[in-house]
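Keep the sequence and the 3D view open while you read, and look up each residue as it comes along.

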Amino acid sequence: METTKRNIVRELIDTLLVTVPSGTVEMRDDRIKKVWKIEIETFKLSKFLVTQELYKKIINENPATFKGDKLPVETVSWVEAIRFCNQLSDSLGKSKCYSVNLKTEKVSFNSKANGFRLPTEAEWQYACQAGTKSIRYGELHQIAWFKDNSDNHTHKVGQKDPNQWGLYDMLGNVWEWCSDIYDETVYGKYRVFRGGGWCDVERSVMATTRRRSHPFSFKIDDLGFRIASNE
């Protein structure tokens, strides 16, 4: 990446990242009636979903179904999202978090890397709830694009009210890929996504709602991602 473009991307990323403080989050899986707590170390999370503009700057293509620079990128698989993270890391001289073998569909994760990654689902939920235990961080129409107000499409990021930590669209607009495997013994390689999308009804758009699908083949027009980093 040429120097000018690299500087533009670096400045853009610097303005996107919000520092999330350490704390504890309570997770639950209604499918197996399990509740557990996870300690969260401080990390950084982008205040907005990855837009088509940013995705194109790094990947040089735009897979989105609903086109628009400030719209969230969607119709991306989990492996395409981590490819973006790796290329963004590489472009800014940071170490890559992921190593991927497309033939075997094997993925290795370097937790010590200083590059960009997807948040864990515990980090995602903790950041969404902003240190509370609430299922939402405000009245749904004020904070999220969902079935009742989306007019059946995505919307520009950052148009609804943010949560208390300055994070936008954590609920609604598009679901967000997280790094975790959902339940390997039952679903194999399936990865988690969180947050609800533009076509979901109210009961699905909650901080605690968990869904999953295949990381290499599943992509849909209400599923995108945001980036995280350790520093």
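Let us begin with a term for how much of a residue can be reached from outside: buried means a relative accessible area under 20%, exposed means over 50%, and partly exposed lies in between, computed with a 1.4 Å probe on protein chains only. The model is a predicted one, in which local features need a pLDDT of at least 70, side-chain atom pairs count only at pLDDT 80 or more, and totals for chains, interfaces and linings use all residues. Residues are numbered from 1 along each chain as its sequence is written, and side-chain values use heavy atoms, with hydrogens and water left out.

**Cysteines**

A disulfide is a pair of cysteine sulfur atoms within 2.5 Å. A search of the whole structure finds 0 of them. C97, for example, is in no disulfide, and its nearest cysteine sulfur, that of C85, is 7.4 Å away. C97 counts as buried at 2% relative accessibility. C128 is in no disulfide either, with the nearest cysteine sulfur, that of C178, 10 Å away. At 1% relative accessibility, C128 is buried.

**The sheet**

Helices (H or I, at least four residues) and strands (E, at least two) are DSSP runs, numbered from the N terminus. Two strands pair if DSSP finds at least two bridges between them. Here, 4 strands form an open sheet with mixed pairing, in the order β10-β9-β8-β11. Its edge strands are β10 and β11, each of which pairs on one side only.

β9 and β10 run antiparallel and are joined by 4 bridges, with F193 standing opposite R211 in β10. β8 and β9 also pair in the antiparallel sense, over 3 bridges, and here W177 stands opposite F193 in β9. β8 and β11, in contrast, run parallel and are joined by 2 bridges; W175 stands opposite L223 in β11.

In a regular strand the side chains alternate between the two faces of the sheet. You can follow this in β9: R191 and F193 point one way, V192 and R194 the other way, and all are buried.

**Salt bridges**

Side chains of opposite charge can pair when their charged atoms come close. A salt bridge is a side-chain nitrogen of Lys or Arg within 4 Å of a carboxyl oxygen of Asp or Glu.

| Pair | N to O distance |
|---|---|
| R83 and E61 | 3.9 Å |
| R226 and E176 | 2.7 Å |
| D200 and R211 | 3.3 Å |

What does the R83 and E61 pair tie together? R83 lies in helix α3 (residues 78-91) and E61 in the loop between α2 (52-59) and α3, so the pair ties together parts that are 22 residues apart in sequence. R83 is partly exposed at 34% relative accessible area, and E61 is partly exposed at 39%.

R226 and E176 meet in a salt bridge too. This pair links distant parts of the chain, 50 residues apart: R226 sits in the loop between β11 (223-224) and β12 (228-229), and E176 in strand β8 (residues 175-181). R226 is buried, with a relative accessible area of 0%, and E176 is buried at 0% as well.

D200 lies in the loop between β9 (191-194) and β10 (210-213) and R211 in strand β10, so the pair ties together parts 11 residues apart in sequence. D200 is buried at 7%, whereas R211 is partly exposed at 30%. Elsewhere, salt bridges that share partners join D29, R31, E121, D183, R194 and R210 into one network.

**Helix α3**

Back to the helix that holds R83. α3 has 14 residues and reaches 20 Å from its first C-alpha to its last, close to the expected 20 Å; the expected span is 1.5 Å times one less than the number of residues. Is α3 mostly enclosed or open? Of its 14 residues, 11 are buried, so α3 is largely enclosed by the rest of the structure. Among the buried ones are W78, F84, C85 and L88. Just after α3, G93 takes a positive phi of about 75 degrees.
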